[in-house]
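Work through the exercises below with the sequence and the model in view. Each task is followed by its solution.

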Amino acid sequence: MQQPTVAAPESVTWKVHLDRSMWVAGVRALMLQALHPVAMQGVWQRSDFLTDPTGRLLRTAHFVAVTTYGSPTEAEALGERIRRVHSALPFTDPRTGRHHRIDEHDLLVWVHCAEVSSYLETTMRAGVPLSPDECDRYLDEQSRSAGYVGLGRDDVPRSVDTMRRYLSGMRPQLHVTPEARRAVRFLLWPKVPEHLSWLAPLKPLWFPIGALAYNGLPAWARRAYGVLPEIPGGRTAGTEALRALRALLNRVPERYYNMLFDESTVRSAEEAKQRLVAAGYPAENGFRDLRAGMHPVEPVTPPDVPGPRPSAEP
């Protein structure tokens with residue numbers, strides 16, 4: 001019998017990806033990715049980022065959802081579609097004149113690491129209790145998701161230490177380009193796409209999410225971007241604000257919270273719920289209740305200095 005979901009509900013992946021602070025984590029990942037000049041050019045030239053940034057964030061949310069609680073067949077189909085699209089997207093680096101493809105190995109590794117390290121660091125900072133062992137397990141579990149974009153498990157870091165070394169080694173290649181700075185400004189105040197026009201009156205509520213994502217970047221990255229002012233105690237205040245936002249989002253009933261996602265993402269979740277119930281999991285009342293029934297671990301609060309978490313700090 002095929003397993004009901006790509007990742008088991010007992011996995012660390014579920015604990016991280018089903019947390020509602022992932023909205024901030026996703027934006028933080030985009031801001032971090034933009035620091036790679038070549039990767040930024042690929043986004044700038046070959047994506048609809050500037051016309052539909054919310055759409056890109058929702059597509060990322062869909063990928064995370066399907067590779068978390070989708071069926072293996074569903075995840076493989078999505079991965080095949082992503083690989084096919086990426087293989088047909090060439091672009092040129094204007095600094096060197098060199099031609100690139102979106103699916104180049106090093107670019108895929110960078111995007112993967114920027115994403116999963118942002119997910120892990122942001123959710124921990126928001127208050128998700130993870131032990132050092134769980135942090136390592138999360139990165140090891142996520143090495144499987146790298147396969148959906150065309151990488152092997154050993155192409156990406158599979159522990160906190162190897163992730164930290166990778167990010168530190170990438171530091172000399174990272175810097176802020178005009179496109180990256182413009183992208184960050186745009187993420188702080190994005191355009192509301194037509195299909196979400198009903199959310200336009202709530203647009204001011206987006207800024208705290210963008211600002212908290214920016215606040216979560218490494219200090220050197222914030223200094224390089226220079227988009228928002230640095231204030232004494234800003235990092236600590238940002239952590240408290242992030243935890244307050246998480247608490248607020250956790251109070252939103254699921255039926256309203258799901259309105260933020262594309263229909264395909266919600267449908268995938270409903271199908272996953274049915275498969276889990278059929279497999280004997282108590283998922284009738286939703287994923288959050290299912291997760292609440294798992295055995296808790298001793299919480300580990302991430303310090304405000306490099307500790308048992310991936311960090312892009314040099």
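**Exercise 1: a helix pair**

M40, Q41 and W44 in α3 meet E179, A180, R182 and A183 in α9, where contact means heavy atoms within 4.5 Å. The model is predicted, so local features need pLDDT of at least 70 and side-chain atom pairs pLDDT 80 or more, while totals for chains, interfaces and linings use all residues. Residues are numbered from 1 along each chain, and side-chain values use heavy atoms, without hydrogens and water.

Task: describe how α3 and α9 pack.

Step 1. Sort the contact residues by class: four are nonpolar, one is polar and two are charged. Nonpolar covers Ala, Val, Leu, Ile, Met, Phe, Trp, Tyr, Cys and Pro; charged covers Asp, Glu, Lys and Arg; the others, Gly among them, are polar.

Step 2. Two packed helices are described by the angle and the distance between their axes. The axes of α3 (residues 37-46) and α9 (residues 178-188) come within 9 Å and cross at roughly 65° (lines fitted to C-alpha atoms over the stretch in contact; angles run from 0 to 180 degrees between N-to-C directions).

Step 3. The crossing of α3 and α9 is left-handed (the near helix is turned anticlockwise from the far one by less than a right angle).

**Exercise 2: the whole chain**

Task: how many helices and strands does the chain have, and what share of its residues is buried?

Step 1. The chain has 15 helices and two strands (DSSP runs: H or I of at least four residues, E of at least two).

Step 2. Of the 314 residues, 52% are buried (under 20% relative accessible area, 1.4 Å probe, protein chains only).

Step 3. Among contacts with a separation of 6 or more, 75% join residues 24 or more positions apart.

Conventions
Buried means under 20% relative accessible area, exposed over 50%, partly exposed in between (1.4 Å probe, protein chains only).
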